Every structure is written in C-alpha cells, then in structure tokens.
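Here are my notes on the model you sent over, point by point. Have it open on your screen while you read.

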Amino acid sequence: MLLENKKGIIFGALDERSIAWKVAEKVHEQGGKFVLTNAPIALRMGKINELAEKCGTTVIPADATSMEDLNNLFTQAQEQLGGKLDFVLHSIGMSPNVRKNKAYTDLNHDWFQKTLDISALSFHKTMQVAWDQDAMKDWGSILALTYIAAQEAYPFYSDMADAKATLESIGRSFGYHYGVRNKVRVNTISQSPTVTSAGSGIAGFDKFFNFAEDMSPLGNADADSCADYCVTLFSDMCRYVTMQNLFHDGGYSTTGISSKVMEKWS
Ligand SMILES: NC(=O)c1ccc[n+]([C@@H]2O[C@H](COP(=O)([O-])OP(=O)(O)OC[C@H]3O[C@@H](n4cnc5c(N)ncnc54)[C@H](O)[C@@H]3O)[C@@H](O)[C@H]2O)c1
C-alpha cells in the first residue's frame, strides 16, 4: 500500500489501453484515492466511466487547455477527496497535424498552436492552477508523460516533438518554483512507444514500435510497467527526485546499436 492516504488527480484515461488507465488501476491497488478527468469530448467517446466505477471514484470533465475548467477541477477534486492533493498525473497528448498526416515541412500553424496548447501548455496551466489554489500538499509529486523525440529527431512525430521538448522544459522550470515553495516534485517520464489511441495514431507506429523493441536491451516498456514507475514516483520512496526527465524505455535512449538491429543489415 505505497499510496495509502494519498490523494490526487489523474488526467488522460480514455480506454483500457491508455497509460493513465493503467496508472489509475495501480494507484487504486496501492491504496491511493483520486478523481479522474478528461476532455468533455473524450468522456463521450471513451470508457472512462467504467474505470471510475472500478476504482470507486468520479469523473470531473475538464479541457486541460481551459483555465476555467482546470480551476473547477482542482476545486471539486479537493472537495471530493477532502483536502489538498499528493499527486497529479498529466497524461495528455494530441496533434491535429499528426492526426491529419501533415508533413513537418508543411504544418498548419493554427493546428501547431493547438498541439502546443493541448500537449505542453496544458501542463503549465495545470500546475499554475494548483499553485494558485495552493492545492498540493508539501512533498507532493507531479508527473507528465513524454517521448524521446524531444531530444532526437523522429520525423514522423512531427510537431509533437516540439510540444514534448516544451513540456519537459516546463517540468524543469515549474519544478524549481514548486520545490522551493512546497517541496513538490515535478518530473517527466519518457516512455517507450506504447500501443494506445495516441500512440497508434502516429504514421508508421508499428515500424518504430518494432525498431525500439529490437534496440532496447530490455525490450519496450509497456503501459503496465510505466504505471508501476508512476506509483513509485508518487510514493514517498523518491522524495528527492525532481526536475528530471526520466527515461522509462528498457535502455533504448542510451543504446547506440543492438545486435538484433545489426543482424537485419548483414
Ligand atoms: N503511446 C505512446 O507510444 C507514448 C509514448 C511516450 C509518451 N506517450 C505520452 O503518454 C501520454 C498518454 O498518451 P497515451 O499513449 O496513453 O494515449 P491516449 O490516447 O490513451 O491518451 C491521451 C489522452 O489525452 C487526452 N486529451 C486530449 N486532448 C485533451 C484536452 N484538451 N484536455 C484533456 N485531455 C485531453 C485524450 O482524451 C486522451 O485521454 C501522452 O502525453 C503521450 O504523448 C505516449
């Protein structure tokens, strides 16, 4: 029961493949209490109510780009859970350019702004609302999910790469201020390719999923093990880890070449 007496908000569970879905299940198993949230449209399309029932909780709709929705979410979450929060998971990503297969050299810039707003600035907005409401307990833990295209070129990841680089930077920058004021930790987890709605929406996903599987000494990390990692970072076992981008990728990010990949070229 690593998360006994801990309370939080989990963003981004759409269906049972979602990383946030697995996190919710594991946090529940470890005794944590939380509210679930997602964009109003996702509530109509997804299965989040099933998850809420399973975890004995409720869903509070919020578009993570709207300060009004976020303010309402944090107010209601604290009312329902009976006090300040220990953890927040930001598991949100969407690019209209990726969805509509726009090449990186031919982006629609209005959509690009949407990508940045939904996938990166929403992380800042979430933390600013939590900060203004003084909603986090001291030594709380805030996490967001990211991808290695923030550091290296992955052409098919398009404008999401720029959004992830911004997201990671926001984690570091806000992490400084939150650490000083409340000892709150802010980290991003850079996850292996994972079969989910957002993941498989990217062109060529199968190929780079298989490539990463062959490159990583441990193979790709799946959503379940990502959820385990999130639980440890929400727990009191990692109290001095903050402002980090943590690779959860079976060793992919520090492997130059693997024998499996070399065999394919011989
Ligand atoms: N799947 C992968 O290969 C992979 C790899 C590394 C990182 N990630 C990251 O993990 C996170 C979760 O993605 P996932 O793979 O579980 O896919 P997913 O599609 O299940 O989750 C993405 C979520 O973002 C939500 N969302 C979109 N717009 C929103 C808005 N305006 N307000 C609130 N929520 C909104 C969606 O409704 C959905 O629940 C994302 O940040 C993603 O970039 C995914």
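1. Let's begin with α6 and helix α7 (residues 160-182): their axes sit 8 Å apart and the two helices pack at an angle of about 10°. Angles under 35 degrees count as roughly parallel, so α6 and α7 are roughly parallel to each other. Bear in mind that this is a predicted model.

2. Who touches whom here? On the α6 side you'll find T115, L116, S119, A120, F123, H124 and M127, and they meet M160, A163, T166, L167, I170, F174 and Y178 in α7. Sorted by class, this α6 and α7 contact comes out as 10 nonpolar and four polar residues, with no charged ones.

3. α6 (residues 109-132) has another partner, helix α4 (residues 67-81): the two axes come within 9 Å and cross at roughly 50°. That angle makes α4 oblique to α6. As for handedness, α4 passes α6 in a right-handed crossing. From α4, the contact uses M67, L70, N71 and F74, while α6 supplies K125, T126, V129 and A130. The class count for this α4 and α6 contact is five nonpolar, two polar and one charged.

4. Next pair: α1 and helix α10 (residues 223-234). Their axes cross at roughly 55° and come within 8 Å, which makes α1 oblique to α10. This crossing, too, is right-handed.

5. Now for the residues in that pair. α1 brings I19, K22, V23, E25, K26 and V27 to the contact, and α10 brings A223, D224, C226, A227, D228, C230, V231 and F234. What is the split by class for the contact of α1 with α10? Nine are nonpolar, five are charged and no polar residue takes part.

6. On to the ligand. There are 27 residues around the ligand, and the ones that come nearest are S18, A42, G93, A198 and G199. Which of the elements gives the most to the shell around the ligand? That would be α8, with three residues.

7. What kinds of residue make up the shell around the ligand, by class? The tally is 14 nonpolar, 12 polar and one charged.

8. Last, the overall picture. The protein chain has 11 helices and six strands. Its C-alpha trace spans about 60 × 40 × 40 Å along the principal axes. For 266 residues, a compact globule would have a radius of gyration near 18 Å, and the protein chain has 18 Å, so the value agrees with that expectation.

How values were computed
Residues are numbered from 1 along each chain as its sequence is written. This is a predicted model: local features need pLDDT of at least 70, side-chain atom pairs count only at pLDDT 80 or more; totals for chains, interfaces and linings use all residues. A residue is near a molecule or strand if its C-beta atom, placed from the backbone, lies within 6 Å of it. Helices (H or I, at least four residues) and strands (E, at least two) are DSSP runs, numbered from the N terminus. Ala, Val, Leu, Ile, Met, Phe, Trp, Tyr, Cys and Pro count as nonpolar, Asp, Glu, Lys and Arg as charged, and the others, Gly among them, as polar. Axes are lines fitted to C-alpha atoms, for helices over the stretch in contact, and angles run from 0 to 180 degrees between N-to-C directions. Angles under 35 degrees count as roughly parallel, over 145 as roughly antiparallel, 65 to 115 as roughly perpendicular and the rest as oblique. A crossing is left-handed if the near helix is turned anticlockwise from the far one by less than a right angle, and right-handed if clockwise. Two residues are in contact if their C-beta atoms, placed from the backbone, lie within 7 Å. The radius of gyration is taken over C-alpha atoms; the globule rule is 2.2 Å times the number of residues to the power 0.38.
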